[in-house]
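Visitor: Could we go through this one together, a piece at a time?
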Amino acid sequence: MLECGMLERDSRALRRRSAILCKQLVVDELLIQSLQADDILTESMAESILAEPTSQKRSWRLLLLLPKRGPRAFSSFCSALRDTEQQHLCDLLTQSPEKDGKETHVERFVDSSLPLPTQEGIPAKRARTHESMEFSLDADSPINTPVLPCTPDFYLSHCQQSYRMNSSPRGFALVISNVTFDPCAAPDLDPRKGGEVDDEVLRKVFTELDYLVTVHRDLTAQGMRTCIENFCRLPGHRTVDSCVVCLLSHGVEGAIYGTDGQLLQLDWVFEAFDNAHCPLLQNKPKMFFIQACRGEEMDCGVEQLDGPVRTCSPSCEQRDAGREGQGDADSRQRGDMGRPRIKLPQRSDMICGFASLKGTAAMRNTKKGSWFIQELNTAFRLHARDTHLADILVQVNSRIKEREGYAPGTAHHRCKEMSEFTSSLCKDLFLFPKYQPQY
C-alpha cells in the first residue's frame, strides 16, 4: 500500500508547472507503463488516463492523480520523463524556486527549450522575420524505445490474408531529405530546420524494422530523379518482400522541391514504381511517406461543437485518374514465354502517407522534427507488431489532429495539421517486426 501523499515541495512544483505540463507533456503508453512498473499507477488508473480523448486531458488526469500517489511519485514521474525523451520537462520541475522566480515573467512569452514550428512550403506570403517569432506549444521528442516484436501467434493467425512479409531484410528503404537549398537558385526556400532530425528518425526506425536504409540529403530535382531511377533498378528487389520511399522537402500540391528550386512531380515517382516500370516489385507492397507542404494555407482549426468527441479521422482514398490505362503495358510486361500471362493493373499495391491535406501546409519542429514523422515513428515502434499499416496511418492522423502550434504569422495565431493517406493495397499489410518464420 502506498504511503500518504507526495512531499509538499514536490506537490508545489507540479502545481507551479501544471499549465506548461498540460500543454507540453506527452502521456503515452511508455510513460504510463513506466509509472505502473514503479507501482505509482494501478492498472485501472492507467486505463482511465489513456481513455481520455485528447493529450491535454490525459495530462490533466495524470497530474490530478500524482500528488495522491505517495512520496516516490514525484521522482518516479521525473524518471519516466527522462525515459520518454522529455528531459526539458524534468528540468523544469526540478529547478530551484529561486531561479524559477527570476524567470517566470519570461516564460509567459517564450521558453527557449520549446521547438520552433515552420511550414514545409514556400514562405512567399510570409516574411522570413516571422520564423524567429514562432514557437510551438508542444515539445514532443522522437521516442527511441525499441520496436516491439510481433508474436508467433499473431503472425500465424494473420499471415494467410496478408502480403508476404518474412524476407530478411524485409526490403530496401530510400530516404531523400532536402534540408539546405541553393540560395541563388532557390532564394525563396528557407533551410528546413529540424529536417535532419527526421531523416535520422526514419533511418533508425526502418533499420529496426529490418529494412536496408539509404539516406540521401540535399539533392536537386534531377538528382532525386536519378536516385529514384537507380533505386527502382536494384536487382535486390527480386528477393525481398516490400520497399519504402520517404521524401522530405518543401513542396506544393503534387510535387516536391529539389535544392535547385525545381519541382519533382510525385505522379512521376509513383509511376516509377508501378507494375510496368518496376516489375521486380509486382504484387509487393510499396510504401511512400511524403513530408512536404501541399499548399500554403494554414489550418487554424475551428471550435468543436458540443457532442461526442471524434477519436479518429477518416482516411482519404484517391485515384490516379487518367494514368492506369495509358501506355502499352504489354510491351513492358515480358515474363517467361512459357507461362500464361496474368494482367495486372498498372498501379497497385501502393500506400502513401502525406503529412498534410491538399492545399495546406505541413508543420515541422525546428528542434524536434516534423509532426508527421514524429507520430509515424511512435506508431511504428509501439504498434507495428500487431497493426495493419492503414490503421497505423489512421492512428497517426488521430495523434496529429490533437496537436496545436503557435504561429504569430497566422490567423488567430494557432496552427493545426491533418495528415491523410491513399491506398491501392489489395491485402492486409503487416510488417511483422522481428519475427522470422521457421521452415
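Guide: We can take a strand, then a pair of helices, then one more helix. This is a predicted model, where local features need pLDDT of at least 70, side-chain atom pairs count only at pLDDT 80 or more, and totals for chains, interfaces and linings use all residues. Residues are numbered from 1 along each chain as its sequence is written, and side-chain values use heavy atoms, with hydrogens and water left out.

Visitor: Okay, how many residues of strand β9 are buried?
Guide: 6 of the 6, residues 286–291, so β9 is largely enclosed by the rest of the structure; buried means under 20% relative accessible area with a 1.4 Å probe, protein chains only, and strands are DSSP E runs of at least two residues, helices H or I runs of at least four, numbered from the N terminus.

Visitor: And which residues sit on each side of β9?
Guide: K286, F288 and I290 lie on one side, and M287, F289 and Q291 on the other.

Visitor: Which strands are joined to β9 by bridges?
Guide: β5 (residues 242–248) runs parallel to β9 with 6 bridges, and β10 (residues 350–354) is also parallel to β9, with 5 bridges; strands pair if DSSP finds at least two bridges between them.

Visitor: Switching topic, which residues of α4 meet α5?
Guide: M45, S48, I49 and L50 of α4 meet R58, R61, L62 and L65 of α5, where contact means heavy atoms within 4.5 Å.

Visitor: Last one, what covers the buried residues of α6?
Guide: The cover includes α1 (8–16), α3 (29–37), α5 (55–65) and α7 (87–94), while the buried residues of α6 (residues 73–83) are A73, F74, S76, F77, C78, A80 and L81.

Technical notes:
Buried means under 20% relative accessible area, exposed over 50%, partly exposed in between (1.4 Å probe, protein chains only).
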